[in-house]
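Here are my notes for your first read-through. Keep the viewer open and go through the points in order.

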Amino acid sequence: MKTKQDFPNINERTAQGLSPEGTPYRVLVVDDSMFVTKQISQILTSEGFDVVGTAANGQEGLEKYKELFPNVDLVTMDITMPTMDGVTALEKIREFDGNACVVMISALGKQDLVKKSLMAGAKNYIVKPLDRKKVLERILMSLKQ
Amino acid sequence: MRVEYINPFVEAAYNVLKEVLNTEVHRGELYLKSTSMPVLGVAAIVGLAGDVEGRVLFDMTRQTAIQVASTMLAGMEMEPISDLNDMGKASITELANMITGQAVTKLHNLGFKFDLTPPALFTGENMEVTDADVEALIVPMELPQGKLEINVAIRERA
């Protein structure tokens with residue numbers, strides 16, 4: 001059936017979560033709050049991203065990253081987490097993979113840690129409360145850099 | 001207690017609740033309590049330590065907590081909850097996180113330096129909270145989901 005050709009749709013657009021090759025971007029979500037993990041995953045999967053893993057602290061996130069590598073395109077990293085915080089995990093991930101694309105997720109009031117993360121190689125940051133537009137915008141911007 | 005400590009929490013709660021729950025929020029009359037007081041049933045507590053010290057409670061009934069969490073989850077296309085399960089508790093904790101995060105930024109901008117503890121959630125019936133030597137100011141917030149009380153007991157470090 002040639003539905004698309006028969007009825008061209010001016011509203012048609014490609015899902016934002018697809019790379020130029022048409023494959024989904026693969027994301028690892030690291031956050032100690034299951035609420036935030038779910039929220040980010042929902043926003044991303046609805047745009048065609050593939051959430052390939054989640055982790056509840058920096059240590060777990062680092063291990064997951066090594067396990068998934070090189071089949072992971074981006075990490076969302078919470079800053080305040082038990083066991084290993086997000087800034088340390090970022091540093092260790094960048095040590096392991098100098099090209100790692102990490103976006104920090106921060107509560108307001110952590111400007112110093114956000115600055116430290118950017119100096120340590122984080123591509124971008126998103127301040128909570130999270131909304132769909134903000135999350136997609138920052139993540140796509142980081143992937144296209 | 002100086003009002004300048006409480007205003008940032010009231011403003012932050014108003015902004016965050018409005019944005020996250022996508023609803024109208026009405027601020028009730030502020031009142032003061034200096035002795036033990038009952039807690040409504042679900043209370044997220046955040047501690048502060050530094051130039052100022054004390055704690056902030058976000059206090060609501062179990063039913064209100066379930067409604068608030070359900071609204072937050074609906075925003076993520078998730079089913080409402082009928083009991084305060086792990087996801088419900090994580091939602092309320094995250095709400096407390098967002099409000100205190102915003103309030104602390106305002107207080108830091110006013111020149112107060114202090115650290116926060118991660119929020120802890122208390123649930124149960126017939127609970128009371130007692131603050132030695134600190135008055136607690138309470139700001140009720142009326143939501144379609146029920147009443148949420150912001151209960152702030154902060155003092156300057158001696």
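**Notes on the two chains**

1. Let's begin in chain B, where α1(B) and α3(B) cross in a right-handed way. Keep in mind that this is a predicted model. The two axes come within 8 Å and cross at roughly 135°. That angle falls between 115 and 145 degrees, so α1(B) counts as oblique to α3(B).

2. Who makes that contact? On the α1(B) side, look for B:Pro8, B:Phe9, B:Glu11, B:Ala12, B:Ala13, B:Asn15, B:Val16 and B:Val20. Facing them from α3(B) are B:Leu95, B:Met98, B:Ile99, B:Gln102, B:Ala103, B:Lys106 and B:Leu107. Sort them by class and you get 11 nonpolar, two polar and two charged residues.

3. Now zoom out to the rest of chain B. It has three helices and 10 strands, and along the sequence they come as α-β-β-β-β-β-α-α-β-β-β-β-β. The C-alpha trace spans about 50 × 35 × 30 Å along its principal axes. A compact globule of 158 residues would have a radius of gyration near 15 Å, and chain B, with 15 Å, agrees with that.

4. Staying with chain B, 38% of its 158 residues count as buried. If you take its contacts with a separation of 6 or more, 70% of them are between residues 24 or more positions apart.

5. Two loop residues in chain B deserve a click. B:Glu77 sits in the loop between α2 (62–74) and α3 of chain B, and it has a positive phi of about 55° although it is not a glycine. Is B:Glu77 buried or exposed? It is exposed, because 9 other C-beta atoms lie within 10 Å and the cut-off for exposed is 12 or fewer. B:Asn126, in the loop between β7 (120–123) and β8 (127–129) of chain B, also is not a glycine and has a positive phi, near 55°. With 7 C-beta neighbours inside 10 Å, B:Asn126 counts as exposed too.

6. Next, where do the chains meet? 19 residues of chain B are in contact with 13 residues of chain A. On the chain B side, α1 (3–21) and α3 (86–109) each supply at least two residues. The largest share, 13 residues, comes from α3(B). By class, that side of chain B has eight nonpolar, seven polar and four charged residues.

7. Over to chain A, which has six helices and five strands. Trace the sequence and you'll see the pattern α-β-α-β-α-β-α-β-α-β-α. Its C-alpha trace spans about 55 × 30 × 25 Å along the principal axes. A compact globule of 145 residues would have a radius of gyration near 15 Å; chain A has 16 Å, which agrees. Buried residues make up 41% of the chain, and 63% of the contacts with a separation of 6 or more join residues 24 or more positions apart.

8. Chain A has a helix pair to look at as well. Helix α3 (residues 58–68) and helix α4 (residues 86–96) of chain A pack at an angle of about 20°, with their axes 9 Å apart. The angle is under 35 degrees, so α3(A) and α4(A) are roughly parallel to each other. Their crossing is right-handed. Residues in this contact include A:Leu62 and A:Tyr65 of α3(A), along with A:Ile93 and A:Phe96 of α4(A). The contact has five nonpolar, four polar and two charged residues.

9. Have a look at A:Gln16, in the loop between α1 (3–6) and β1 (26–30) of chain A. It counts as partly exposed because it has 16 C-beta neighbours inside 10 Å. Beyond its neighbours within four places in sequence, A:Gln16 is in contact with A:Glu47, A:Gly48, A:Leu136 and A:Leu140. A:Asp31 is 15 residues from A:Gln16 along the chain, and their C-alpha atoms are separated by 23 Å.

10. Last, check two peptide bonds in chain A. A cis bond, with omega about 0°, joins A:Phe69 and A:Pro70; A:Pro70 is in the loop between α3 and β3 (74–78). Another cis bond, also with omega about 0°, joins A:Lys128 and A:Pro129. You'll find A:Pro129 in the loop between β5 (124–127) and α6 (132–144) of chain A.

Technical notes
Residues are numbered from 1 along each chain as its sequence is written. Chains are lettered from A and ligands numbered from 1 in the order in which they are written. This is a predicted model: local features need pLDDT of at least 70, side-chain atom pairs count only at pLDDT 80 or more; totals for chains, interfaces and linings use all residues. Axes are lines fitted to C-alpha atoms, for helices over the stretch in contact, and angles run from 0 to 180 degrees between N-to-C directions. Helices (H or I, at least four residues) and strands (E, at least two) are DSSP runs, numbered from the N terminus. Angles under 35 degrees count as roughly parallel, over 145 as roughly antiparallel, 65 to 115 as roughly perpendicular and the rest as oblique. A crossing is left-handed if the near helix is turned anticlockwise from the far one by less than a right angle, and right-handed if clockwise. Two residues are in contact if their C-beta atoms, placed from the backbone, lie within 7 Å. Ala, Val, Leu, Ile, Met, Phe, Trp, Tyr, Cys and Pro count as nonpolar, Asp, Glu, Lys and Arg as charged, and the others, Gly among them, as polar. The radius of gyration is taken over C-alpha atoms; the globule rule is 2.2 Å times the number of residues to the power 0.38. A residue is buried if 20 or more other C-beta atoms lie within 10 Å of its own, exposed if 12 or fewer, and partly exposed in between; C-beta atoms are placed from the backbone.
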